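Subject: Structure handover and notes

Dear colleague,

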Amino acid sequence: MLFQSIVYGPIHSRRLGNSLGMEIMPLDHKLCTFNCVYCECGWNEKVTRPKLPSREEVKAALEDKLSSLEDGLLDVITFSGNGEPTLHPDFLGIIEDTCALRDKYCPYAKVTVLSNSTQLGREEVVQALKLCDNRILKLDAATNKMMHRIDMPVNEHLTVQTLIDWLQQFNGDFTLQTCFLRGEHKGQIIDNTTPDELCAWYKAVDTIHPKQIMIYVIDRKTPEEHLSKISREEMENIAAPLIEKGYNVIISA
C-alpha cells in the first residue's frame, strides 16, 4: 500500500481524527531506515537515486489543497507515508512551510509527524520536530534482539539505548508509539509481549516518560504473513500498569 500523491485525503485516522496526509518520500516505492515486518507499505526496495518531491513542490501542493478545504474540516496535517519522512534533506524547510500554511488556512489543525526515531541524531530533524504540534515517535521493543527482529533497521549497529538517548532530547514532550505483535520471520520468533520484553519496555517508558503513549496492533496486510494480531483484552492488560502510574495511554486494537 503506497501513497501516490504528495497530499492525500483528508481521511479519518483511527488515532488522529480527520487527517490530511503528506507524502514527501518517493511516490512509487518505500524508502525507510527500518524494514518492519508489519509495514503496510511492504519491504524496502533497493533504489540508487530515489526521486523525492522538492520543498517547492510540497509547498505548492499543500497550499493548493488547503485553500480549497472548508474551515474546520481538518484535525491534523500528518507526515508519514511511504517510509521515514525525516529522511528528506529539506525536512526542516518543509515543516517550516507547513506550519506557515497551516496558520494561514487552518490554524486549528495540528502539524503531526510519525517517525521511527532513527534520524533523531540529526540536529535539523530534532529542530523540525520541535516546531510540530505532535511528535509521534516509535519504539517497538526495548531489547536489541526484538527491535532488530521487528524493525530490521538498515543500520545493523543501531541499538535501543541509542534510540532512548535520542528520545530523551524532547524531555517527554512527544507521543511514544509501539506496535505489539506476535509471529515469526525467517524462522525467528517475534513477540514483544513476553514478560521479559514488557519489563524492558516499561523500564524504557519510565526513562523517557512521554506525555502520551499510543499502543496498537496490526490492522492491515503485512509483508510478513506469519504475524498475529494481539487481542483488545491483552492490550488493555499491557496498558494497565502504565495507566496506574498516571500515563496517558491510547489503545488502538
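The notes below take the cysteines, a helix, the aromatic rings, the pocket and one glycine in turn.

Please bear in mind that this is a predicted model, in which local features need pLDDT of at least 70 and side-chain atom pairs count only at pLDDT 80 or more, while totals for chains, interfaces and linings use all residues. Residues are numbered from 1 along each chain as its sequence is written, and side-chain values use heavy atoms, with hydrogens and water left out.

Cysteines. If a disulfide is taken as a pair of cysteine sulfur atoms within 2.5 Å, the count comes to zero. For C32, the closest cysteine sulfur is that of C36, and because the separation is 6.2 Å, it is too far for a bond. C41 is likewise in no disulfide, the nearest cysteine sulfur, in C39, being 4.3 Å away. C32 has 15% relative accessibility and counts as buried, as does C41 at 9%; here buried means under 20% relative accessible area, exposed means over 50%, and partly exposed lies in between, with a 1.4 Å probe and protein chains only.

Helix 3. Helices (H or I, at least four residues) and strands (E, at least two) are DSSP runs numbered from the N terminus. In helix 3, residues 123-131, the buried residues are V125, V126, A128 and L129. Viewed down the helix axis they fall within an arc of 160°, so they line one face of the helix, the arc being that of the directions from the axis to the C-beta atoms. Their cover includes helix 2 (91-105), strand 4 (110-115) and strand 5 (134-138), where contact means heavy atoms within 4.5 Å.

Aromatic rings. Rings of Phe, Tyr and Trp (its six-membered ring) pair if their centres lie within 6.5 Å, and planes under 30 degrees apart count as stacked, over 60 as edge-to-face and the rest as tilted. The whole structure holds three aromatic pairs. One of them, F180 with W201, is edge-to-face, at 5.1 Å centre to centre and 85° between the planes. This pair links distant parts of the chain, 21 residues apart, with F180 in the loop between strand 6 (175-179) and strand 7 (181-185) and W201 in helix 6 (residues 195-208). F180 is buried at 1% relative accessibility, and W201 is buried with a relative accessible area of 1%. W201 also pairs with Y202 in a tilted arrangement, at 5.7 Å centre to centre and 50° between the planes, and Y202, at 18%, counts as buried. F180, W201 and Y202 form one aromatic cluster.

Pocket. On a 1 Å grid over the protein atoms alone, a pocket is an open set of points with protein on both sides within 12 Å along at least five of seven lines, and lining residues have an atom within 4 Å of a point. The largest pocket has a volume of about 910 Å³, the space filled by 1.4 Å probe spheres set on the points, with grid points joined across faces, edges and corners. It is lined by 39 residues, of which R15, E40, S80, L114 and R220 are the closest to its centre. Strand 1 gives the most to the lining of the largest pocket, with four residues.

G42. This residue lies in the loop between strand 2 and helix 1 (55-66), and is buried at 16% relative accessible area. G42 touches K30, N35 and P223, leaving aside residues up to four places away in sequence.

With best wishes
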